[in-house]
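Here is a report on a protein structure.

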2 protein chains.
Amino acid sequence: MQGMGRWEPNARGRLEQAALELYLERGFEQTTVAEIAKRAGLTERTFFRHFADKREVLFWGSGTLQEHLVNAVADAPESAAPMDATAAAIESVGALFQERGENARRRQAVIAANAELRERELVKLATLSAALAEALRRRGVAEPAASLAAEAGIAVFKIAFGRWISETGGADLSSIIRESLDELKAVTAGR
Amino acid sequence: MQGMGRWEPNARGRLEQAALELYLERGFEQTTVAEIAKRAGLTERTFFRHFADKREVLFWGSGTLQEHLVNAVADAPESAAPMDATAAAIESVGALFQERGENARRRQAVIAANAELRERELVKLATLSAALAEALRRRGVAEPAASLAAEAGIAVFKIAFGRWISETGGADLSSIIRESLDELKAVTAGR
DNA sequence: CCAATGATGTCAGTGACTGTCATCAGGCTA
DNA sequence: TAGCCTGATGACAGTCACTGACATCATTGG
């Protein structure tokens, strides 16, 4: 039947789970990789075979996120202006987070509590920006317009996401993103 | 006369100098903190009394940069719209880099060559963005307009700076910033 | 049944970073 | 001048993230 052999399945998933739990219980710095591995029934060495470092275990999902973003840009109608394609993409990504709801907030609480994790989050956002710019270029958008639209889009997402997280009520993330984008247009328009 | 006592003066400066030299000679990863300290005539422990970690030694100047940015925003005429005050600030910072010329390029080469250093650079840019937003708020700009203008401004700076660095000729950074800002306006305007 | 493969364990490092205490110059005060 | 305080440094031991090298063992294909 199933592969129930020497090793329990889904080692990576167990490591992610154990890490998130421990980071929530004691905090990121107070958790050692050895402890994470032990809770997952594995060794420290194996942890580093699955994740490049102690931070990456929290950001494994960002690859999927990037794919969504790129696909959304590619799927935008040909007639859409660069910023409209960008807007459509970040709004659809917003809907993803909307679903994950509680999980997203817990994860974000861990990240917000630690400088090293916030640092890594910036890298992930920069990577998303680069991928977004590349997707726009494939639509024929020239530089530096592609990079600028991408940076602006990610900036809007960052700010809208922060507002959504801090909202007590269950506001709609996509709406916040749309509003923030309009604010950006107003601000850059000079007034 | 001078304090020529037990210790040579300017320990921090000597550490910065030694670190930049070694990072250029062998690369960031291949350099140990012990080596930096030795070249500066100090011990490893003392290095960590001056800099929080091995990366910070390259970013000590960012505090000054932040002051310039904040002052420039504060000095903008009251009548200036948020994005205009932001534009004035990043252009004046651009002039700063223009002066440092060769040094800026050497430093940037070291940073570009290493992922950890690029990561730290993102933190510094995010810090600048936060300070810029704060300065705008002091001008009476409301949220999220202040944060959005700040993020957009830093994004423009980042992209313009990258173009300036990769230019072979000695193009004018302030001009590139101005052009990039106009591009952003065009892109966010929807066409 | 055997060989190749792949995920894991074991072990011995290196090097970044920290806590703690000792040392020593300059300055302040009695 | 002696005594004391302060601040920068050295010396030293320790923790922990991360890596390289090699052994182990289930699965898979022949």
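## Cis peptides before a proline

B:P144 sits in the loop between α6 (115-138) and α7 of chain B. Helices here are DSSP runs of H or I with at least four residues, and strands are runs of E with at least two, numbered from the N terminus. The peptide bond from B:E143 to B:P144 is cis, with omega near 0°. Chain A has a cis bond between A:E143 and A:P144, where omega is about 0°. A:P144 lies in the loop between α6 (115-138) and α7 of chain A.

This is a predicted model: local features need pLDDT of at least 70, side-chain atom pairs count only at pLDDT 80 or more, and totals for chains, interfaces and linings use all residues. Residues are numbered from 1 along each chain as its sequence is written, chains are lettered from A and ligands numbered from 1 in the order in which they are written, and side-chain values use heavy atoms, with hydrogens and water left out.

A:N10 is not a glycine, yet its phi is positive, about 60°. It is placed in the segment before α1 of chain A. A:N10 counts as exposed because its relative accessibility is 54%. The cut-offs are under 20% relative accessible area for buried, over 50% for exposed and partly exposed in between, using a 1.4 Å probe and protein chains only.

B:N10 also has a positive phi, near 60°, in a residue other than glycine. B:N10 belongs to the segment before α1 (11-26) of chain B. Its relative accessibility is 54%, so B:N10 is exposed.

## A:L15 in helix α1

A:L15 is part of helix α1 (residues 11-26) of chain A. Its relative accessibility is 0%, so A:L15 is buried. Contact means heavy atoms within 4.5 Å. Leaving aside residues up to four places away in sequence, A:L15 touches A:I36, A:A37, A:A40, A:L42, A:F47, A:H50, A:F51 and A:V57. A:I36 is 21 residues from A:L15 along the chain, and their C-alpha atoms are separated by 6.7 Å.

## Helix α8 of chain B

Helix α8 (residues 173-188) of chain B has 16 residues. From first C-alpha to last it reaches 22 Å, close to the 22 Å expected at 1.5 Å a residue; the expected span is 1.5 Å times one less than the number of residues. Its buried residues include B:L173, B:I176, B:I177, B:L181 and B:L184. The buried residues of α8(B) fall within an arc of 155° seen down the axis, so they line one face of the helix. That arc is taken from the directions from the helix axis to the C-beta atoms.

What covers these buried residues includes α5 (82-112), α7 (145-166) and α8 (173-188) of chain A, together with α5 (82-112) and α7 (145-166) of chain B. B:G190 follows α8(B) and has a positive phi, near 105°.

## Core and domains

The largest nonpolar core has 85 residues. Such a core is a set of buried Ala, Val, Leu, Ile, Met, Phe, Trp, Tyr and Cys residues joined through side-chain atoms within 4.5 Å. A:L69, A:F97, B:L69 and B:F97 have the most contacts inside it.

Chain A is assigned domain 1 (11-57) and domain 2 (61-188); the bounds come from an automatic or database domain assignment. The C-alpha centres of these domains of chain A lie 28 Å apart. Their contact takes 8 residues from domain 1 and 7 residues from domain 2.

## How the chains pair

Chain A can be laid on chain B by a turn of 180° and a shift of 0.0 Å along the axis, with an RMSD of 0.1 Å. That is the relation of a two-fold axis. The superposition is by least squares on the C-alpha atoms of residues with pLDDT of at least 70 in both copies. The same surface serves both copies: 96% of the contact residues of chain A recur in chain B.
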